[in-house]
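Hi,

Here is the structure I said I would pass along.

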Amino acid sequence: MENFAQEDRYVSKHCFFFYLGLAILASVILLCITQGVLTMTSPSPSDERVDLQRLEALAEGGDEAAQLELGLVYRQGKVIPVDYGKAYGWLQKAADQGCAIAQFELARMYRHSQGVKQDDRVARQWLLKAADQDHAEAQFVLAWHYMEGIGGPQDGKKALELLDKLSEKGDTF
């Protein structure tokens, strides 16, 4: 009887880990699909051109989300060749409308000299704007800038405040 109880616990434990692993795998696949890393179908080149034209029309009309998306398309070069100049222009328009993601992307462009002269001071300014809107990754990178004195004076207190804020929200990097 005792052997059956031990076997039951052994089977239950392994079933739990099997289903936990399955749930994690499903979550990773779903995340990849939603982030565009994994797609179920491949768009044809003509579909991409039509979507790009539609996106450009929306962006030119002042649509913040379209401006952001177009800026990312030009910056990442997945659909069309990388064009940092166009990426900067569209991201700037979205950032000027208060888009935290665009502000963070501009900070990255200034930090890594992508289409603009490398300028850590300007990068920090864009990070501040995005972080003020609770953009978690901007808060984390800004904390690092404060710790290392990148783009301005070192300030360990501000760095810790940002990291505490992230921790309280449950954000981890």
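This is a predicted model: local features need pLDDT of at least 70, side-chain atom pairs count only at pLDDT 80 or more; totals for chains, interfaces and linings use all residues.

The chain has 8 helices and 0 strands, so written along the sequence the pattern is simply α-α-α-α-α-α-α-α. Of its 173 residues, 29% are buried. If you take the contacts with a separation of 6 or more, 40% of them come from residues 24 or more positions apart. As for the surface, the chain exposes about 11,400 Å², and 56% of that is supplied by carbon and sulfur atoms.

Now the helix pair. When two helices pack, the angle between their axes and the distance between the axes are what describe them. For helix α3 (residues 64-76) and helix α5 (residues 100-111), the angle is about 25° and the axes are 10 Å apart. That makes α3 roughly parallel to α5, because angles under 35 degrees count that way. The crossing of α3 and α5 is left-handed.

Which residues meet there? From α3 you get Leu68, Leu72 and Arg75, while α5 brings Ile101, Ala102, Glu105, Arg108 and Met109. Sorted by type, the residues of this α3 and α5 contact are 5 nonpolar and 3 charged, with no polar ones.

Next, two residues from further along the chain.

Val141 sits in helix α7 (residues 136-148). Not counting residues up to four places away in sequence, Val141 touches Phe104 and Leu127. The C-alpha atoms of Val141 and Leu163 are separated by 9.9 Å, with the two residues 22 apart along the chain.

Asp134 is in the loop between α6 (120-131) and α7. Is Asp134 buried, exposed or partly exposed? Its relative accessible area is 41%, so Asp134 is partly exposed, since that label covers what lies between under 20% (buried) and over 50% (exposed). Leaving aside neighbours within four places in sequence, Asp134 is in contact with Gln139, Lys165 and Lys169.

Cheers

Note on methods:
Residues are numbered from 1 along each chain as its sequence is written. Side-chain values use heavy atoms; hydrogens and water are left out. Axes are lines fitted to C-alpha atoms, for helices over the stretch in contact, and angles run from 0 to 180 degrees between N-to-C directions. Helices (H or I, at least four residues) and strands (E, at least two) are DSSP runs, numbered from the N terminus. Angles under 35 degrees count as roughly parallel, over 145 as roughly antiparallel, 65 to 115 as roughly perpendicular and the rest as oblique. A crossing is left-handed if the near helix is turned anticlockwise from the far one by less than a right angle, and right-handed if clockwise. Contact means heavy atoms within 4.5 Å. Ala, Val, Leu, Ile, Met, Phe, Trp, Tyr, Cys and Pro count as nonpolar, Asp, Glu, Lys and Arg as charged, and the others, Gly among them, as polar. Buried means under 20% relative accessible area, exposed over 50%, partly exposed in between (1.4 Å probe, protein chains only). Accessible areas come from the Shrake-Rupley method with a 1.4 Å probe; for residues, only the protein chains shown count as cover.
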